[in-house]
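Visitor: I would like to learn how to read cores, patches and salt bridges in a model. Can you take me through one?

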Amino acid sequence: MISIGERINGMFKDVREAIKNKDPKAVQELAIKQTEAGASFLDVNVGTATADPAGAMKWLIEVIQDTVKTPIAIDSQKFDIVKAGLSVIKNEVLINSSKGDPEELDKYMPLAKEYNASLICLTMDKCGIPQDVERRMEIAMKIVEKAVEHEYELSKVYIDPVLFPINVDQKQPALMFDIFNQIKMISDPPPHRNVGLSNFSQGTKEKRLLARIFLTMGISYGLDAAVMDVLDKDLMDAAITAEIIMNQHVYSDSYLTACRK
């Protein structure tokens, strides 16, 4: 499971205050804690915390890279902010995200290729987010076609079918499982399958339980990446255990510790 730690985000008060005051302490602590929890990437999103989001993105990335070696996920749909973040990247990097419009992909894929970055691509276009499996898969196929056209490695493509909150549309989770299965078969190697996990249980009473069960079920259908709360130990333990059950790791009595290293 490629776990993308969601917590360094200007929508959270502590990160917003850190950006405002250029105080690195909270950011450093979150980078260390998420790394120790097993994060594969640290998602970095400035939110609406500043009038200079490009400068804030560079500052956050520099603080994190001076603190830990964990790869960064630059989280913005604004091209100039993504470019600003990439300009200070030292290690492996993931761009989060591009829409599935051909024009967007023609901008983001060459940029990702230039920086040897991976790229999350959303199955949405100018018409919005499709409600059905068929239309989402059409966009997923276009994403793969664009990757081939740009000679961009499919192993660096993350397709995100855009997960709706369960309290908005209860039919969507089952559709997601079908989509994960289909994405596994559209290319060789297949793209990664990613979701924004916290979106799924947003605004619900049993937020953590819902996220945990969806994640473990999703893994059984081929989900292999998520922007998620890696500080939720039960969630991370559930993901690791699901992968053990799916025979993706070798079992030992210390598998929870071993899989985090």
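Guide: We go from the annotated domain to the core, the surface and the salt bridges. The model is predicted, so local features need pLDDT of at least 70 and side-chain atom pairs pLDDT 80 or more, while totals for chains, interfaces and linings use all residues. Residues are numbered from 1 along each chain as its sequence is written, and side-chain values use heavy atoms, leaving out hydrogens and water.

Visitor: Which feature does UniProt place at residues 1–246?

Guide: The unreviewed entry gives "domain: Pterin-binding" there. UniProt annotations may be inferred rather than shown by experiment. Helices (H or I, at least four residues) and strands (E, at least two) are DSSP runs, numbered from the N terminus.

Visitor: How many residues are in the largest nonpolar core?

Guide: In soluble globular proteins, nonpolar side chains tend to be buried together. A nonpolar core joins buried Ala, Val, Leu, Ile, Met, Phe, Trp, Tyr and Cys residues through side-chain atoms within 4.5 Å. Buried means under 20% relative accessible area, exposed over 50%, and partly exposed in between (1.4 Å probe, protein chains only). Here the largest core has 71 residues. Ile64, Ile74, Phe214 and Leu215 have the most contacts inside it. A second, separate core of 12 residues includes Ala73, Leu122, Tyr158 and Val227.

Visitor: Which residues form a nonpolar patch on the surface?

Guide: Patch residues have over 30% relative accessible area and no salt bridge; nonpolar side chains (Val, Leu, Ile, Met, Phe, Trp, Tyr) are joined within 5 Å, like charges within 9 Å. Leu209, Ile213 and Met217 form this one, with about 250 Å² of accessible area together. Areas come from the Shrake-Rupley method with a 1.4 Å probe, and for residues only the protein chains shown count as cover. Ile213 sits in helix α9 (residues 207–220). Its relative accessibility is 41%, so Ile213 counts as partly exposed.

Visitor: How many salt bridges does the structure hold?

Guide: A salt bridge puts a side-chain nitrogen of Lys or Arg within 4 Å of a carboxyl oxygen of Asp or Glu. The structure holds 12. In one of them, Asp101 meets Lys126 at 3.9 Å, N to O. Asp101 lies in the loop between β4 and α5, Lys126 in the loop between β5 and α6, so the pair ties together parts 25 residues apart in sequence.

Visitor: Are Asp101 and Lys126 buried or exposed?

Guide: Asp101 is buried, at 9% relative accessible area. Lys126 is exposed, at 64%.
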